Amino acid sequence: ASRVMVASRNYGDFASEASFEIKKCDLHRLEEGPSTTAVMTREEGLHYYKTMQTIRRMELKSDQLYKQKIIRGFCHLYDGQEACCVGIEAAIKPTDHVITAYRAHGFTFTRGVPVREILAELTGRKGGCAKGKGGSMHMYTKNFYGGNGIVGAQVPLGAGIALACKYFGKNEVCLALYGDGAANQGQIFETYNMAALWKLPCIFICENNRYGMGTSVERAAASTDYYKRGYFIPGLRVDGMDILCVREAVKFAADYCRAGKGPLVMELQTYRYHGHSMSDPGISYRTREEIQEVRSKSDPITLLKDRMVNNNLASVEELKEIDVAVRKEIEEAAQFATTDPEPPLEELGNHIYFNEPPFEVRGPNQWIKYKSV
Amino acid sequence: AAAVSQVTVRDALNQALDEELERDERVFLLGEEVAQYDGAYKISRGLWKKYGDKRVIDTPISEMGFAGIAVGAAMVWLRPVCEFMTFNFSMQAIDQVINSAAKTCYMSAGSIAVPIVFRGPNGASAGVAAQHSQCFAAWYGHCPGLKVVSPWSSEDAKGLLKASIRDDNPVVMLENELLYGVPFEMSEQAQSKEFVIPIGKAKVERQGTHVTLVSHSRPVGHCLEAATVLAKEGVECEVINLRSIRPMDIETVEASVVKTNHLVTVEGGWPQFGVGAEICARIMEGPAFNYLDAPAVRVTGADVPMPYAKILEDNCIPQVKDIVFAVKKALNI
């Protein structure tokens, strides 16, 4: 952890760690669940705080850039759900694998892509993590397979990655994430079947933010117990607004899968402050009061902050300094994302194929050709 | 291996799979009935016994699911061979083939490769009716990011399957059920373990001077038969076996048209937006157009869903007589 200059308290004044009672998970076909006590060190807490705050501010900056029309097309924001991706990353190893759907900016960051490369991808610049060719829904990095635009398609892909982990005999797991809307996709049930049959080390995680676009869970699903939908696959329902709940549950699930017991289904109960995407104001199918209530009672960053301050793991001033540092970092990243040039036109034809000798790609007419390397 | 032998397409495919499974431990086969049943069409006969559950995997009837699983495995550098019992069933999984496999290298700016092969029988069979007889060459050939191959002979089958498995890109291999049992001559070289045919190159199966016949898959055989019939009347056909739908070797076709001045395309699929339509468009755009003495002629499947009754089915697929007729129309004789 970096040294934080604190105005009125010394580093030595804080506790090095604290123990927290966390909500018990609802269990499906499991005798025991994750621990109801979580230990968090000061270092961990500061890291979680900074990471969640970075994602929060990055998403809000994206909102701003979208309204300025500097970001185009689809933009699905993750603010409110930060505890999910940060809690997950805290529980797994960098060598584990993660795949999610289109609300992916948070995971892109936790899996290692710098903010400036995420924002530059959103603004379609050559410094973007996919050189500007993917956009919001198609960001990738080592052991992170996007960023997928077709609802539900990422789930079989995740099971395939898990199959590869098992095939090579590695002690790695794959976390395949999907939303409450996607949870009704047929291919997910096909995947549950094969993952269970072949005991794939795959953790299926449903981020239930209560709405699939404008459709509430009650209107979409005959059973909203998403953690039970795997039927023959054991499941857990977890408070997705509490980063420690998420972390302990994912640790439990990862241990289970690594032990060769097969897949697990996990439901993280979470909430998104924004609408489905930037074109959805998010208030036609839910009330402002509901959004406000979640913000005031269950905000994941506030929850963590209160825990840290109340247990002497950090001071209010110290966390404020982190806020300032984060804002500065986001501003600089946005500056990069708005000034970096767009990809050169030559890039248009590239990356059709992998490891292929150069060839020509047709443009809008037979005389316009692009080289493809 | 012996010198020239007669090898069926089925055995050639089986050899290719066996050799590639042996050569690279990352290669594995999955699909319905591929393991313990030896393959619905026996293409994978003996492979499960030899390589076991890890390398040859029977899947439940879940095309979208298992195609997605295969693509995911390919993203982590396994090299799956995903069998569709027929390509008609691939329609249920087509999103995984196109959106997850074909486009990923591009969307990720080259950071994720998908070295997968989707293979299985394509197009018309015999008496299997409308839902089991569709040709998908045009559908898959339409999409950038995919490679699409369509073998005719045993050499084609073996060489293209090996090339497809070794290719780091998603390849759709459109086989033909009626060809599986057909024996072809295979040279000693073709029977070797390193025999690979480059994807994207067509083969001139028969030299000729009066007309260019371009085809892929089973109709190549019909073109050669038509060429024999026409030779008796003094018309010498040049028969080109495309072998690859995407990338398509239009240069070989152009060079031939420059020589013969007449073009007839032959395919099993439907005419609208088909392989023949693409060939004609490209010929118009290139140098060969000025060498055409007559408009190009297309011979295709009839523009109807495939009927069952034999007399109807027979008249829905291009027959030798249809090719002969088309050639005579092109040559105005």
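Begin by selecting helix 10 of chain B, residues 275-285, where helices (H or I, at least four residues) and strands (E, at least two) are DSSP runs numbered from the N terminus. The buried residues of this helix pack against helix 6 (137-141), strand 10, strand 12 (244-246), helix 9 (250-260), strand 13 and strand 14 of chain B, contact meaning heavy atoms within 4.5 Å. Those buried residues are Val275(B), Gly276(B), Ile279(B), Cys280(B) and Ile283(B); buried means under 20% relative accessible area, exposed over 50%, and partly exposed in between, with a 1.4 Å probe and protein chains only. If you look down the axis of helix 10 of chain B, its buried residues fall within an arc of 135 degrees, so they line one face of the helix, the arc being that of the directions from the helix axis to the C-beta atoms.

Before going further, note that this is a predicted model, in which local features need pLDDT of at least 70 and side-chain atom pairs count only at pLDDT 80 or more, while totals for chains, interfaces and linings use all residues. Residues are numbered from 1 along each chain as its sequence is written, chains are lettered from A and ligands numbered from 1 in the order in which they are written, and side-chain values use heavy atoms, with hydrogens and water left out. For chain B the mean pLDDT is 97, and 99% of its residues reach 70 or more, pLDDT being the predictor's confidence in each residue, from 0 to 100.

Next, select Val253(B), which, leaving aside neighbours within four places in sequence, is in contact with Val214(B), Ile240(B), Leu242(B), Leu263(B), Ile279(B) and Ile283(B). The largest nonpolar core has 80 residues, and those with the most contacts inside it are Val253(B), Ile279(B), Phe118(B), Tyr178(A) and Phe204(A). Such a core is a set of buried Ala, Val, Leu, Ile, Met, Phe, Trp, Tyr and Cys residues joined through side-chain atoms within 4.5 Å.

Now move to helix 12 of chain B, residues 320-331, which reaches 17 Å from its first C-alpha to its last, close to the 16 Å expected when 1.5 Å is multiplied by one less than the number of residues. Among its buried residues are Val320(B), Ile323(B), Val324(B) and Val327(B). Seen down the axis of helix 12 of chain B, the buried residues fall within an arc of 160 degrees, so they line one face, whereas Phe325(B) and Lys329(B), on the other side, are exposed.

Then select Ala67(B), in helix 3 (residues 63-75) of chain B, which is buried with a relative accessible area of 0%. Leaving aside neighbours within four places in sequence, Ala67(B) is in contact with Cys82(B), Phe84(B), Ala93(B), Gln96(B) and Phe118(B).

Two backbone details complete the tour. Most residues other than glycine have a negative phi, and most peptide bonds are trans. The peptide bond from Arg246(B) to Pro247(B), however, is cis, with omega near -5 degrees, and Pro247(B) is found in the loop between strand 12 and helix 9 of chain B. In chain A, select Lys69(A), which has a positive phi of about 65 degrees although it is not a glycine; Lys69(A) is exposed, at 71% relative accessibility.
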